Amino acid sequence: MKTEAAKGAPPGSVGSPVLAVRDLVKTYRSRRRGLVNAVDGVSFEVAPGEVLGLLGPNGAGKTTTIKCMCTLISPDSGSILVKGVDAIANPRKAVSHMAAVLEGNRNIYWRLTVKENLQFFSAVHGIPPKRNASQIESLIQAFRLEEVRNSDARTLSRGMQQKLAVACAFVKGTPLLMLDEPTLGLDVETSFELRAMLKQMVAESGQTILLSSHDMDVVQELCKRVIIINNGRIVTDDKVSNLLELFKARAYRLTLSGPVPPALARELESTFESIQVTSDSHHSAIDVELLDGGRFYDLVDLLRKFDAEIDSIDRADPDLGEVFLRIVRGEAR
Amino acid sequence: MSATLTLWAGELRRNIIQMKRYYFETLSMLFVFFVFFTLIFFGAKAISGGAPRIGGGLEGIIVGYFVWTLAMVGYGVVSENLVEEATTGTLEQIAMSPLGLSRVVLGYLISAIITQTVVLSFLLILMMAVTGKWLNLDVISILPLLLLTTLGIGGVGFVMGGMAVVFKRTRSILSILQIVLLAFVVVPLDRYPMMKYLPLAAGNRLLQMVMVEGRSILQVPPADVAFLVANTAAYLVVGLIAFGYFERIARRKGLLGHY
């Protein structure tokens, strides 16, 4: 399945960014809270073929940022360039380069069949469904919707509806796709299936994707780079592998023979921040995050002082969810 | 086919599919319109003690009612569809059409006029059969006049549709205005000439000339046709400008996705 993106720039290629956001600001007036800075100076770029994860807790400003890029919300200030087109000055031209799934299975017409939905969204983008017939057919197959192609969307399971919503975004063949919570509300199995389909589609189409999700497995599997937003500001913009490595390098687990004496436990807790000591009658475990490498030797010296016998030392293996939580909580520096 | 025609053809296809698949809704609408017509017709007949004199006699009532039902579709389709799309969650998708939301909404109007003209033709035949008054059904003359009349009222629909996106609860205003529209087709223009500046009235008068008096479009006063064209264009342009204004407010306040 070749799209505009695939024709123009293969995945991973270096070129001018498909999406460039600069100093984006959006403020709402709320009756209860007064002025709310939903997005507060957000800037980032997305390279051709890149799959970028956008993470943040509820109310962090992810959806407002995405909707600004989709031209559905006008920002107060800042600039958004989609394939070089100014999305604020020329929104129609900008949206011709993008498609989005914003509300999952609510983004489709429940009274139309699977095929009719794909045909309709092709027409909404100005592409005659007949000309797009092979693309529609391959999407039906790629998302395993063959058996329900002529069923009304309202009769499908939530997972199938969600797949259809994503397929309806792909049918436009745009170089940029925004997927806001594409696996929201799906059971583990369907979420896994949709994730695998997305991965395959991304590899085949070479489209640039901005993915927002609370499902860290989806983000970790599909994205090479993530941006974490909190209180409307970007707090982290890095490769997933770098973030995982960074936290892996900082987090240690030490296993000791026998219980930790109370005096040692007190000394550990007063000397090291974010340390956790768990023990039973045979073994003890110390989980600690050390920002400064030299502190590791302080820890070993302290254990030696109390004659603690170290069984093993491991570097903890954090997942993206853990990394995300620590960044958002401000625990990571 | 241009992108706009592709969009409108897609909307027409969707409209036809949904109408066929959910035919009971269409039949219910026809039934309600027919019952309302019989109430108006026989009520007016009872009050006047014979042929009702409102809007140019018995035939005039049939034409006026037919124009009114079609006008209600043209007037209500924009806001009803926008409210439905916002409620079901597809409004943001169509608002992301590179052709623009106004053109998508104009597509609602055009496809509704096409499909509902066909559907309401059955109502017209039913009304003629019940009253025993058979009108001049010169399709070539009727269709352009009907299209112009309904597009004009569609301009008012654009204003209401824009308001519905921003203010959400506009159904009560819509219902009241539907009744007001009825006045536009029953009040005689020769007695209240200023009424011709309002939507519906000028088109209704020309349709009366064709369907009741048996004239063709070439036999009606060209000045009246020109006036109808100008009237329709004015309402449509004002409606589109107002819709664009409300759309900008909705995008500024982030209202397109919330309902």
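Buried area is the accessible area (1.4 Å probe) that two parts lose on being put together, summed over both. The legends below concern a predicted model.

**Figure 1. The interface of chain B and chain A.** In this predicted model, about 3,100 Å² is buried between chain B and chain A, and carbon and sulfur atoms account for 51% of that area. Three residues, B:Gln93, B:Met96 and B:Pro98, supply 23% of the area that chain B buries against chain A, more than any other three residues. The contact involves 34 residues of chain B and 38 residues of chain A.

**Figure 2. Polar contacts and salt bridges between chain B and chain A.** Between the two chains there are 19 residue pairs in polar contact, with both residues at pLDDT 80 or more. The interface also holds 4 salt bridges. A salt bridge joins the side chains of A:Glu116 and B:Arg21, with an N to O distance of 2.8 Å. On the side of chain B that touches chain A, at least two residues come from each of the helices α1 (3–21), α3 (57–88), α4 (91–95) and α9 (222–253) of chain B. Helix α1(B) gives the largest share of that side, namely 10 residues.

**Figure 3. Domains 1 and 2 of chain A.** The domain assignment divides chain A into domain 1 (1–97 + 174–184 + 200–239), domain 2 (104–172) and domain 3 (249–328). The centres of domain 1 and domain 2 of chain A, taken over C-alpha atoms, are separated by 23 Å. Domain 1 of chain A brings 13 residues to the contact, and domain 2 of chain A brings 12 residues. Together these two domains of chain A bury about 990 Å², with 63% of it on carbon and sulfur atoms. Across the interface of domain 1 and domain 2 of chain A there are 5 residue pairs in polar contact, both residues being at pLDDT 80 or more, while the number of salt bridges is 0.

**Figure 4. A salt bridge between two strands of chain A.** In one salt bridge, the side chains of A:Arg225 and A:Asp237 meet at 2.8 Å, N to O. A:Arg225 belongs to strand β9 (residues 225–230) of chain A and A:Asp237 to strand β10 (residues 233–239) of chain A, so the pair ties together parts that are 12 residues apart in sequence.

**Figure 5. The surroundings of B:Asp138.** The loop between α5 (101–131) and α6 (139–167) of chain B contains B:Asp138. Leaving aside residues up to four places away in sequence, B:Asp138 touches B:Val210, B:Arg215 and B:Ser216. B:Asp138 and B:Met211 lie 73 residues apart in sequence, and their C-alpha to C-alpha distance is 7.4 Å.

**Figure 6. A nonpolar patch on the surface of chain B.** The patch is formed by B:Phe31, B:Val32, B:Val35, B:Phe36 and B:Leu39, which together have about 470 Å² of accessible area. One of these residues, B:Val32, is part of helix α2 (residues 23–48) of chain B.

Terms used:
Residues numbered from 1 in each chain as written. Chains lettered and ligands numbered in written order. Predicted model: local features only at pLDDT ≥ 70, side-chain atom pairs only at ≥ 80, totals over all residues. Heavy atoms only, no water. Patch = residues over 30% accessible without salt bridge, like charges linked within 9 Å, V, L, I, M, F, W, Y side chains within 5 Å. Areas by Shrake-Rupley, 256 points an atom, 1.4 Å probe, with all protein chains shown as cover. Helix = DSSP H or I, 4+ residues; strand = E, 2+ residues; numbered from the N terminus. Domains from an automatic or database assignment. Contact = heavy atoms within 4.5 Å. Polar contact = N/O pair within 3.5 Å; in protein donor to acceptor, adjacent residues only side chain to side chain.
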